[in-house]
Amino acid sequence: MPGAHPSAHNPFTSGTPYQTTPYPTWGANSRPGYPMGPSTMDPRAACAPTVARKHTGAVVIGVIAGVMVLLLLVFFGIGTVVSSAGRAAHQTMDTDDYDQSALEDLRARGYEPEDYLNDDGTVKDQKVYRFSEADSYTQYKQLLEGKSSEYNSKSPDDAIKLLPELSDRGVEYYGAWLKYLLTAEQELEASGERTTTDPNEIDIYYNAQTTALNELEQKFLHGEDLGIHATLRDSEGNVRDLYTGAFDLKSSQPDIPTLTADWEQKIKAVPIAMGSDGTYLAAGEQLIASVGLSPTYDFKSVYDHCSGSTRLADETTLGAFCSATPNLIYINQNSRNWTYDVTGSYYPNAVKHELAHAMIYRICGTTAPALRVDHEALTNSYATLYFGAERDVLNSGAQNAPWYTMTDASDTAAQLVHDGHCSISAD
């Protein structure tokens with residue numbers, strides 16, 4: 001979120017935010033923008049734990065049998081895998097200072113800033129890009145399918161050479177990796193149907209997927225903690241945890257109506273009052289904590305997870321939301337107008353704007369759904385309609401940055417998102 005200003009200078013003159021990525025990934029600690037090619041390492045040579053040859057023939061035969069059963073179960077798609085590690089890089093960052101670079105950004109995306117909006121507030125001839133049509137989608141698809149074919153087609157003898165140890169746990173470890181690959185392929189197909197209004201978002205997403213896949217493969221080959229939770233259904237239909245043997249409590253997608261109602265009630269219940277220190281800092285922290293998120297004042301750490309536009313300098317950015325760390329709201333205490341921002345009512349409204357980014361991401365899997373309005377205007381409308389943000393405060397300074405201006409169209413788009421609708425027909 002851009003910072004406010006003590007003068008009449010527009011607090012929203014920041015242009016569109018950093019590119020965002022639309023869907024969670026399986027990878028841990030992945031960072032977009034640094035693609036890695038397929039591993040050329042011989043997986044058998046790379047496996048760090050050496051298989052001891054002093055095991056008896058009976059143990060080896062038992063492990064071979066376990067591998068054969070495991071491969072059959074995986075082949076028939078029995079089992080699940082869910083990530084408990086970090087989700088890969090998605091992000092959005094709000095910015096400040098409307099300048100020539102902001103105009104150039106719009107023109108690079110095919111828009112004329114002077115003629116950007118229709119009279120009703122919708123974006124003129126908004127361009128929509130499908131994820132499956134991007135080169136980065138094809139490259140990641142080829143990499144993923146190649147690895148899946150390589151590891152799923154190994155004979156039991158070759159599979160044993162990849163086990164970190166000749167044991168049931170070693171067999172389960174291999175099974176978790178196989179299930180990850182199969183589930184990633186299913187997620188790839190689903191992600192290909194997604195759309196965005198920012199083509200850069202697609203490349204950031206699949207570059208992050210590529211990095212995450214390569215990093216997890218190296219963890220597997222070195223017998224490291226995969227950071228994932230995997231289950232397998234046994235012959236009796238029981239779902240068994242591959243690591244602990246406990247039954248799995250299946251996770252599910254959030255109940256959107258329940259989630260939105262919960263956030264709205266909790267955010268609106270936070271009293272917005274100046275603290276004894278003369279600032280609204282505590283109110284902002286209470287807003288963020290009310291929905292289980294955390295503020296971080298280490299603003300530069302956002303770059304450990306999200307990369308983005310170079311349009312604005314850090315000193316003109318007040319806050320940010322990064323989808324790679326969806327439970328954090330980044331606050332920049334070193335922003336140029338920090339003292340003015342945090343001592344005025346603009347600050348809690350800016351926090352609500354960032355929380356609206358977080359909610360839109362949770363509903364749509366992206367902060368920029370294709371709803372024919374700019375997603376910053378959509379975010380402002382969502383914060384106003386559902387989190388109690390002040391429309392006049394968020395809208396007053398947007399004369400020089402039309403993409404932040406709330407309109408009837410952005411309000412309608414916010415209502416669609418709130419109801420779980422993240423795209424509309426291009427017709």
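Isoleucine 329 lies in strand 9. Strands here are DSSP runs of E with at least two residues, helices are runs of H or I with at least four, and both are numbered from the N terminus. This is a predicted model: local features need pLDDT of at least 70, side-chain atom pairs count only at pLDDT 80 or more, and totals for chains, interfaces and linings use all residues. Residues are numbered from 1 along each chain as its sequence is written, and side-chain values use heavy atoms, with hydrogens and water left out.

**Around strand 9**

Isoleucine 329 counts as buried, at 0% relative accessibility. Buried means under 20% relative accessible area, exposed means over 50%, and partly exposed is in between (1.4 Å probe, protein chains only). Neighbours within four places in sequence aside, isoleucine 329 is in contact with residues including Ile288, Pro295, Phe321 and Leu355. Contact means heavy atoms within 4.5 Å. Tyrosine 297 is 32 residues apart from isoleucine 329 along the chain, and their C-alpha atoms are separated by 8.7 Å.

Helix 9 covers residues 281-290. Its buried residues are Leu281, Ala283, Gly284, Leu287, Ile288 and Ser290. They pack against helix 8 (256-269), strand 7 (294-296), strand 9 (328-331), helix 10 (338-342) and helix 11 (346-364). Glycine 292 follows helix 9.

| Residue | Phi |
|---|---|
| Glycine 292 | positive, near 85° |
| Arginine 372 | positive, near 65° |

Most residues other than glycine have a negative phi. Arginine 372 is a residue other than glycine with a positive value. It lies in the loop between helix 11 and helix 12 (375-387). Arginine 372 is partly exposed, with a relative accessible area of 33%.

**The disulfide**

The whole structure holds one disulfide. A disulfide is taken as a pair of cysteine sulfur atoms within 2.5 Å. Cysteine 364 and cysteine 422 form it, with their sulfur atoms 2.0 Å apart. The link is left-handed, with -85° about the S-S bond. It joins distant parts of the chain, 58 residues apart: cysteine 364 is in helix 11, and cysteine 422 is in the segment after helix 14 (408-418). Cysteine 364 is buried, with a relative accessible area of 3%.

**Aromatic rings**

Rings of Phe, Tyr and Trp (its six-membered ring) pair if their centres lie within 6.5 Å; planes under 30 degrees apart count as stacked, over 60 as edge-to-face and the rest as tilted. The count comes to 16 aromatic pairs. One of them joins tyrosine 151 and tryptophan 177, edge-to-face, at 5.5 Å centre to centre and 85° between the planes. This pair links distant parts of the chain, 26 residues apart: tyrosine 151 is in helix 4 (residues 135-152) and tryptophan 177 is in helix 6 (residues 168-191). Tyrosine 151 is buried at 0% relative accessibility. Tryptophan 177 is also buried, with a relative accessible area of 0%.

**Helix 6 and helix 7**

Helix 6 packs with helix 7 (residues 199-221) at an angle of about 170°, their axes 11 Å apart. Axes are lines fitted to C-alpha atoms, for helices over the stretch in contact, and angles run from 0 to 180 degrees between N-to-C directions. Helix 6 is therefore roughly antiparallel to helix 7, a label for angles over 145 degrees. Among the residues that meet are Tyr173, Trp177 and Leu181 in helix 6 and Tyr205, Leu213 and Phe220 in helix 7.

Terms used: Parallel < 35°, antiparallel > 145°, perpendicular 65-115°, else oblique.
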